[in-house]
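Morning, everyone. I'd like to walk you through one structure today. Please have a look at it first.

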Amino acid sequence: MSGTFSGTERTDRLEQMQKEEHDILVIGGGITGAGISLDATTRGMKTALVEMQDFAAGTSSRSTKLVHGGLRYLKQFEVKMVAEVGKERAIVYENGPHVTTPEWMLLPIFEDGSFGKFSTSIGLRVYDFLAGVKRGERREMLNRKETLEKEPILKKDGLKGGGYYVEYRTDDARLTIEVMKKAVENGVNAVNYAKVVDFIYEDGKAVGAVIRDEIKGETYEVRAKKIVNAAGPWVDELREQDGSKHGKTLHLTKGVHLVFDQSRFPLKQAVYFDTPDGRMVFAIPREGKTYVGTTDTTYKADIAHPRMTIEDRDYLLKAIHFMFPDLDVTVDDVESSWAGLRPLIHEEGKDPSEISRRDEIFISDSGLITIAGGKLTGYRKMAESIVDLVSNELKEDGHGSYPNCKTKHMPISGGDVGGSKGLPDFVEKKAQEGIELGLDADVAKILARRYGSNIDQVFELMRSSEAEHMPAYVQAMLDYGIDEEMVSKPVDFFIRRTGALFFDIGWVHQWKNPVIDRMATRFGWTEEEKRKHTAELETHLHDAVVPLDDRHTDKAI
């Protein structure tokens, strides 16, 4: 297949997949699967990847959107994890600075809080050391006055000061998409809405999978020497299909985030605070909005469609009232929300927030390799571990040898901007080009950051296409998404390619009809197909604002 990654080529890609034997078939198009496919293909392995929903549709678009160094794990004495993810964080940032950015985090210290001033100072110093934090981003300790200068709307009663340290904010879905695009550029054949419905066995070994196109309904047989199950919350379902679900299993927990407009929640500064029941919650400003989360509850309902419950919403509102008492935000101020699942490894007798976020690898008798658990920050190292394992197995089986991992200093798609140091100048230059094309200055800057070194393709689409019933930049983003990011449904565009359903829900309402009309034309949808895709988007818009009825909830905190 060519390096293009078009939603109009899905059938061609599946047909091509069926014609070839691959060295590795990756099941799951979240950040873990995307990272594995990139690592494998850049070592020379013939690689295919299938995702039953859209890329990043599960956990990888529903996180707190932080590539963080794991300060909370220091509290749980997981020293090795802090060291690993802290150092990996800097690599993720340098390889994709357009989708990841340093975010100074304020940790307020209160008289009756779980963080004391001395212990916080020592903890953050140890954190800086373990995580290899560079000099300009090392922690500071603030007095009460300095803390309130950073964030005036904090609770003042009992405030003693604060710790000030750096986390890294990311667009988790776009990080995943950019890794996936880089993998495709390097030869991976990847398809979304392609579900594994069965495995193919020879002599008791898994040698392929039966794949069903969830949009067209056709099935395909895809063969591979090695199969990797990186399906996130669904890994146990695939293990069960393989007859190998025994020993350790997943413990799914749900996290919910609420989004507010800055006019109602004017947060200047990202804050990480503890609640009265000991949970830690983030409040983070992003492009005119503030989002707050997360909850951490055991989850046993529909894996594909986790929902905010009334209890989730009210828990977070109470947390906000506790830490920002003068705001008086209400249910009516919630603009949007999202709920995501964490696929953790079950640990008997532990509460959800106490369960380790470590990843583990399982190998079944059939040879199916499963990776479960883990964190967004550590995706590249997880991929390296899996591909090292596959490489060794292929060598033992007589299929040649492969080089070591090559992704440590490899920019992801859009990341060729001169690293983190070159990004500010790049954004300024490209934003100016956008302004000359008629864009508002703020929009031009957002697009330059969102697409990074791929922004030229978006601008070229603005120049060369006549927009119909929508601004030129909206149509260009949509066409780029279809042609280069395998956008196949309206929800792909509005949730995972733009983040608008979470962070600018009014924009979705404004442009949903023209976008759907253009997609119908591009894909040749029937009226029934168009109605189906429209209804799916409307359901997501509804679910982002309206919680599950309290008579039908999963148990919240």
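A word on terms before anything else. When I say helix, I mean a DSSP run of H or I, at least four residues long, and the numbering starts from the N terminus. Also, keep in mind that this is a predicted model.

Let's begin with one residue. Where is Leu-461 found? Leu-461 sits in helix 13, which covers residues 455–464. The cut-off for buried is under 20%.

Now its surroundings. Leaving aside residues up to four places away in sequence, Leu-461 touches Ala-476, Asp-479 and Tyr-480. Leu-461 and Leu-478 are 17 residues apart in sequence. In space, their C-alpha atoms are 9.9 Å apart.

Next, the aromatic rings. How many aromatic pairs are there? The count is 17. Here is one of them. Phe-273 and Phe-324 have ring centres 5.8 Å apart, and their planes meet at 90°, so this pair is edge-to-face. The cut-off for that label is over 60 degrees. Which parts of the chain does the pair link? Distant ones, 51 residues apart. Phe-273 belongs to strand 11, residues 270–274. Phe-324 lies in the loop between helix 9 (310–323) and strand 15 (336–345). Both Phe-273 and Phe-324 are buried.

Let's step back to the whole chain. The secondary structure comes to 18 helices and 17 strands. Along the principal axes, the C-alpha atoms fill a box of roughly 65 × 55 × 50 Å.

How much of the chain is buried? Of the 557 residues, 60% count as buried. And the contacts? Take those between residues at least 6 apart in sequence: 73% of them join residues at least 24 apart.

Last, the surface and the charges. The accessible surface comes to about 22,300 Å². Carbon and sulfur atoms hold 48% of that. The protein chain has 76 positive and 92 negative charges, and their mean positions are 5 Å apart.

That's the tour. Over to you.

Notes. Residues numbered from 1 in each chain as written. Predicted model: local features only at pLDDT ≥ 70, side-chain atom pairs only at ≥ 80, totals over all residues. Heavy atoms only, no water. Helix = DSSP H or I, 4+ residues; strand = E, 2+ residues; numbered from the N terminus. Buried < 20%, exposed > 50% of the residue type's maximum accessible area, 1.4 Å probe, protein only. Contact = heavy atoms within 4.5 Å. Areas by Shrake-Rupley, 256 points an atom, 1.4 Å probe, with all protein chains shown as cover. Lys, Arg positive; Asp, Glu negative; His and termini not counted. Charge placed at Lys NZ, Arg CZ, Asp CG, Glu CD. Phe/Tyr/Trp six-rings, centres within 6.5 Å; stacked < 30°, edge-to-face > 60°.
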